[in-house]
Amino acid sequence: MIKVEFLGPIGEESLELHANTLAEIATQLQEIETIAPWLSKCAVAVNDQMTSDLSMVLKSGDKVSILPPVCGG
Amino acid sequence: MELYQGALDVPTIFNRWLKEENSFNYGAYIPFVGTIREENEIEALSFDIYEPVLQQWFDEWVAKAEKLGAKVKMAHAIGDVPVHTSSYISAVFSPKRRVALELIDEFVEDFKANAPIWKYDVIDGKRIYAEDRSTPMSGSGLLA
């Protein structure tokens, strides 16, 4: 299982999903009504490393973090 | 990198940073203070931080500064920070002023764009995400 956590203002509980790649996570998240609108403006980290590789292979126990638009300071 | 619950004690942190770097022969020390302005009827701003990614972001800047013979430091608040107090301070130390002046500009601007921190207005005790002032991080939209 892959843990998917939604950071900051998204306000959704974490999910446990079955997936072999990040692309499979994307497909599942796109089907969730409350999460889909966030995806176009969110960045992604896998095991706390930022990534831009949708084909990244995932293994059970990995953590995917969804990071919405930021404004520090 | 230092994180604190609530408003920062700016003079205390800056003084400590100065003392820490006192013996390194830096010719320039440039501090930056972010203060919460009174506007839009807010009583405070509030912040969430994702520390693991923030630490990596900061560590990359430490390495970048080191290549220039410089050092960067920062402190940020978590939770509510009242107006007229500080939520964010940073500083650059370098042997010569030009490196420090350029680095503080890049460091603060990249912080605004890519540090995993979320800001909320606090109005009548309610937290409202400052969506219109927020910026998608590099690589956003990957899962859309």
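# Reading strands, a helix face and a contact surface

Q: How many bridges join strand β1 (residues 2–6) of chain A to strand β5 (residues 63–67) of chain A, and are the two parallel or antiparallel?
A: Strands of a sheet pair through backbone hydrogen bonds, in either a parallel or an antiparallel manner. Here, four bridges join β1 and β5 of chain A, and the two strands run parallel. Within β5(A), A:S65 is the bridge partner of A:E5. Two strands count as paired if DSSP finds at least two bridges between them; strands (E, at least two residues) and helices (H or I, at least four) are DSSP runs, numbered from the N terminus. The model is predicted: local features need pLDDT of at least 70, side-chain atom pairs count only at pLDDT 80 or more, and totals for chains, interfaces and linings use all residues. Residues are numbered from 1 along each chain as its sequence is written, while chains are lettered from A and ligands numbered from 1 in the order in which they are written.

Q: In what order do the strands of the open sheet of chain A stand?
A: The order of the five strands is β2-β1-β5-β3-β4, with mixed pairing. β2 (15–17) and β4 (49–51) of chain A each have a single partner strand and stand at the edges, so one side of each is left without a neighbour in the sheet.

Q: Which strands are joined to β4(B) by bridges?
A: Strand β1 (residues 2–5) of chain B runs parallel to β4(B) and is joined to it by four bridges, with B:L3 opposite B:H76. Strand β3 (residues 44–49) of chain B is antiparallel to β4(B), again through four bridges; there B:A44 stands opposite B:P82. Six bridges join β4(B) to β5(B), which run antiparallel, and B:K73 stands opposite B:A91. The hairpin of β4(B) and β5(B) has three residues between the strands, and B:H84 takes a positive phi near 70° in it.

Q: How many of the twelve residues of strand β4 (residues 71–82) of chain B are buried?
A: A residue is buried if 20 or more other C-beta atoms lie within 10 Å of its own, exposed if 12 or fewer, and partly exposed in between, with C-beta atoms placed from the backbone. By this count nine of the twelve are buried, and the strand is mostly covered.

Q: Which residues of α2(B) are buried, and which exposed residues lie on the face turned away from them?
A: B:V53, B:L54, B:W57, B:F58, B:W61 and B:A65 are buried. After α2(B) comes B:G69, with a positive phi near 75°.

Q: How many residues of chain B are in contact with chain A?
A: Contact means that two C-beta atoms, placed from the backbone, lie within 7 Å. On that basis, 30 residues of chain B are in contact with 24 residues of chain A. The elements of chain B giving two or more residues to this side are α2, β5 (86–94), α3 (97–114) and β6 (117–123). β6(B) provides the largest share, three residues.

Q: Where is A:K41 found, and which residues does it touch?
A: A:K41 lies in the loop between α2 (36–39) and β3 (43–46) of chain A. Leaving aside residues up to four places away in sequence, A:K41 touches A:P68, A:P69, B:P136, B:S140 and B:G141. Because A:K41 has 17 C-beta neighbours inside 10 Å, A:K41 counts as partly exposed.
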